[in-house]
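Here are a few friendly notes to read with the structure open beside you. Take them one at a time, and find each part as you go.

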Amino acid sequence: MNLKILPLLVLLIIGLSLFASGCTGPSNSHINESTGQKAEVTGSGEPIIVAVSLLPQAEFVEKVGGDKVKTVVIIPPGADPHTYEPSPRELGEASEARMYVTVGTDMPFEKVWIDRFESINSGTLIVNSSNGIKLRGLVEGENGKAHEELDPHIWTSPVNAKIMVENVYEGLAKIDPGNKTYYAQNRDAYLKELDALDSRIREKLEGKKERNFMVYHPSWGYFAADYNLTMIPVEIEGKEPSAEDLAKLVDLAKEKHVKVIFVQPQSSTQSAKAVAEEIGGEVVAVDPLAKDYIANMDNVSDIFARNLV
Ligand SMILES: [Zn+2]
């Protein structure tokens with residue numbers, strides 16, 4: 001073992017303890033609707049309650065549903081979607097939803113939710129937002145190997161976002177056919193915005209020679225695939241890398257001319273910082289779970305463009 005990695009090991013331990021203390025989840029409710037009564041569809045004037053797993057999905061539902069819908073986000077901002085467990089109260093509130101839009105990539109929490117929705121409230125329409133998306137394996141580790149586990153971060157690709165929006169439309173049209181035309185118009189307008197976003201990203205990344213990037217948590221695999229980039233994750237199988245793994249990552253970063261390690265607000269940054277220090281680079285935050293999808297993706301792609309040479 002190389003002596004140079006001892007400071008990395010210390011940082012790693014500090015990082016792990018910070019991580020453990022920082023992931024206790026939210027204290028305030030993220031469920032903004034608890035009428036105690038299921039909204040009646042069509043003509044009642046009450047918005048339809050639609051539950052979604054993640055914030056960007058709430059944006060898609062609101063863009064298509066407009067003032068006819070109210071969203072309930074099951075994974076609160078800042079919580080880790082891979083490990084989050086809802087409280088019984090949250091479950092009760094979300095069960096008022098007429099429709100639940102899942103990510104649909106076999107994430108364990110969604111399976112639990114679908115079962116509970118079905119047992120508590122058989123009237124909820126489950127819409128799989130990944131329907132029609134070509135799913136990829138979750139890439140983990142310094143070798144970039146794809147595991148059998150599906151990569152759930154489908155929304156980080158605007159091309160996939162368009163399919164997710166289409167699936168939301170199909171669901172809303174099914175539970176509220178009276179407003180089908182309204183939903184179709186909203187969908188079309190938003191799909192145009194997503195097309196424009198996709199073109200802007202392609203333009204920004206055009207001509208970049210070095211297309212490797214390093215990221216703590218492997219959220220950007222679909223984004224990378226669509227824009228011909230290569231993602232190198234720091235986190236290995238959902239855990240901080242070992243000192244040995246870190247040393248390998250440092251070598252790999254040097255070899256691939258990586259200067260920046262991307263991190264997201266939901267994950268630890270200590271090992272990312274450790275790698276960045278070793279390569280004389282820096283850690284830059286990008287959030288895959290922001291609600292304002294288009295503004296966030298413009299921002300994220302600006303950051304990618306600035307940091308790829
Ligand atoms: Zn994730």
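This is a predicted model: local features need pLDDT of at least 70, side-chain atom pairs count only at pLDDT 80 or more; totals for chains, interfaces and linings use all residues.

1. Counting its elements gives 10 helices and 10 strands. The protein has 309 residues, of which 43% count as buried. If you look at contacts between residues at least 6 apart in sequence, 67% of them join residues at least 24 apart.

2. Now find helix H2 (residues 55–65) and helix H6 (residues 180–205). Their axes lie 7 Å apart, and the two helices pack at an angle of about 125 degrees.

3. Which residues of H2 and H6 meet? On the H2 side they are Lys63, Val64 and Gly65, and on the H6 side Tyr183, Asn186, Arg187 and Tyr190. By type, this contact divides into 3 nonpolar, 2 polar and 2 charged residues.

4. Next, turn to helix H10 (residues 293–307).

5. The buried residues of H10 are Tyr293, Met297, Val300, Ser301 and Phe304. Viewed down the helix axis, they fall within an arc of 95 degrees, so they line one face of H10. An α-helix has 3.6 residues a turn, so residues three or four places apart point the same way.

6. What do the buried residues of H10 pack against? Their partners are H2, helix H5 (158–175), H6 and strand E7 (212–215). The face of H10 turned away from the buried side carries the exposed residues Ala295 and Arg306.

Technical notes:
Residues are numbered from 1 along each chain as its sequence is written. Axes are lines fitted to C-alpha atoms, for helices over the stretch in contact, and angles run from 0 to 180 degrees between N-to-C directions. Helices (H or I, at least four residues) and strands (E, at least two) are DSSP runs, numbered from the N terminus. Two residues are in contact if their C-beta atoms, placed from the backbone, lie within 7 Å. Ala, Val, Leu, Ile, Met, Phe, Trp, Tyr, Cys and Pro count as nonpolar, Asp, Glu, Lys and Arg as charged, and the others, Gly among them, as polar. A residue is buried if 20 or more other C-beta atoms lie within 10 Å of its own, exposed if 12 or fewer, and partly exposed in between; C-beta atoms are placed from the backbone. The arc is that of the directions from the helix axis to the C-beta atoms.
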